[in-house]
Every structure is written in C-alpha cells, then in structure tokens.
Amino acid sequence: MQATSLLIRAKARGVMIATAESCTGGLISAAITDVPGSSAIFDRGFVTYTNDAKIKMLGVKPATLDAYGAVSEDVAAEMAAGALAASQADIAVSVTGIAGPGGSEHKPEGLVCFGVATKDRVRTQSHEFGAIGRPQVRAATVAHALDLILFSLDHFPVKN
C-alpha cells in the first residue's frame, strides 16, 4: 500500500528515488520495486552493509564513522547525500541501525537512523523501535523510510 502510494505520488511529480541501506539490506528497494511500474520512479539502491562499502560507494567520510559510528544521524546524512550524488534521483533515503540482536547502552537494539536528501537539503532523524526482534525492526524501518519519502514528496515541487 505505501509503495503503491509512493509510485503514484512520485510519478505525478516526476520524481526519481534512490535508497542507501545498511540494516535493511535492500528491503526498502525491494518494497518499492515490488510494485509494477516502479521503474518510472526508482533509479537505484545501494546496499552498504560495511563501513568500507559506505565509504567507497557513498562517499561517507572515515572521520565521520570514527567520530560517530556507523549508527548515527551523521552517517545517515552522508549516506543519503552520497546516494543522491551517485544517482539520477531527486530524493534519496538512507537507513543505518541495529536490527539486533545486540546493541549497547548508548546504541540499543532497535535504534535506526534515517536520512533524506534532496538537492536543497538533508534531513535526519533517529527512531528507537525497541528490542522487538530483527525481522520486526527491519520491517518497521522499511515502513518508516517509505513514510519519510512520502512526506518529502508532499513538499517536492512538480517537475516539468
């Protein structure tokens, strides 16, 4: 339902989308491309599970990873900006988090950081889904990422 709505709204605005995924391992891209006709609005997806992949594929700075860790809004921002720069997309969403099991006192299981980049700006936010289980954290992350794209589309001008 979300992905179908995303397709309709992105197509109406002439907007292309890219994803940069860590903890979801491509599930956001899969949710979008499960919808027939998604090639009209989906440019590409980057699955950057390791720090090295984030650096090489998306241009995440090693200094950012060292200072804040892979699960941080700073890294999510650089992932989204990198996906936008390395694609033909108008909006890029990124996710990096701890799906579980595991985590720490400062970065608990279920913590996911999101980034959304457009040519004008990058917005970030974190969400703690809790220790609800790996599949549930990943599913909740996909749903939230799609919501963030839908929100961005509401504020995106229609392209000619």
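These legends accompany close-up views of a predicted model.

**View 1. Strand 1, an enclosed strand.**
Five of the five residues of strand 1 are buried, so the strand is largely enclosed by the rest of the structure. Ile17, Thr19 and Glu21 point one way. Ala18 and Ala20 point the other way. In a regular strand, side chains alternate between the two faces of the sheet. Strand 1 runs parallel to strand 2, and five bridges join the two. Within this pairing, Ala20 stands opposite Phe46 of strand 2.

Thr48 sits in the loop between strand 2 and helix 3. Its relative accessible area is 0%, so Thr48 counts as buried. Which residues are in contact with Thr48, leaving aside neighbours within four places in sequence? They are Glu21, Ser22, Ala53, Lys54, Met57, Leu58 and Met79.

**View 2. Helix 5 and its cover.**
Helix 5 spans residues 73–85, 13 residues in total. From first C-alpha to last it reaches 18 Å, close to the 18 Å expected at 1.5 Å a residue. What covers them?

**View 3. The largest nonpolar core.**
This core holds 30 residues. Leu6, Ile28, Ile32, Ile41, Leu146, Ile149 and Leu153 touch the most other members. Helix 1, helix 2 (27–33), strand 3, strand 4 and helix 6 each give two or more residues to this core. Helix 6 gives the most, with eight residues. In soluble globular proteins, nonpolar side chains tend to be buried together.

**View 4. Leu146 and its surroundings.**
Leu146 is among the core residues that touch the most other members. Leaving aside neighbours within four places in sequence, Leu146 is in contact with Gln2, Ala3, Leu6, Ile28, Ala31 and Ile32. A second, separate core has 14 residues. Its members include Leu65, Leu84, Ala92 and Ala117.

Side chains of opposite charge can pair when their charged atoms come close. The count of salt bridges in the model is four. In one of them, the side chains of Asp154 and Arg9 meet at 2.4 Å, N to O. Asp154 lies in helix 6 (residues 134–154) and Arg9 in helix 1 (residues 2–13), so the pair ties together parts that are 145 residues apart in sequence. Asp154 is partly exposed, at 43% relative accessibility. Arg9 is also partly exposed, at 28%.

Asp43 and Arg44 form a salt bridge through their side chains, 2.6 Å from N to O. Asp43 is partly exposed, with a relative accessible area of 23%. Arg44 is partly exposed, at 31%. The side chains of Asp52 and Lys56 meet in another salt bridge, at 3.1 Å, N to O. Both residues lie in helix 3, four residues apart, about one turn of the helix. Are Asp52 and Lys56 partly exposed or exposed? Asp52 is partly exposed, at 41% relative accessibility. Lys56 is exposed, at 64%.

A disulfide is a covalent bond between the sulfur atoms of two cysteines. How many disulfides does the structure hold? The number is zero. The cysteine sulfur closest to that of Cys23 belongs to Cys113. The two sulfurs are 9.0 Å apart, too far for a bond. Cys113 is likewise in no disulfide. Cys23 is buried, at 3% relative accessibility. Cys113 is buried too, at 2%.

Note on methods
Residues numbered from 1 in each chain as written. Predicted model: local features only at pLDDT ≥ 70, side-chain atom pairs only at ≥ 80, totals over all residues. Heavy atoms only, no water. Expected span 1.5 Å × (residues − 1). Buried < 20%, exposed > 50% of the residue type's maximum accessible area, 1.4 Å probe, protein only. Core = buried A, V, L, I, M, F, W, Y, C linked by side-chain atoms within 4.5 Å. Contact = heavy atoms within 4.5 Å. Disulfide = S-S within 2.5 Å. Pairing = 2+ DSSP bridges.
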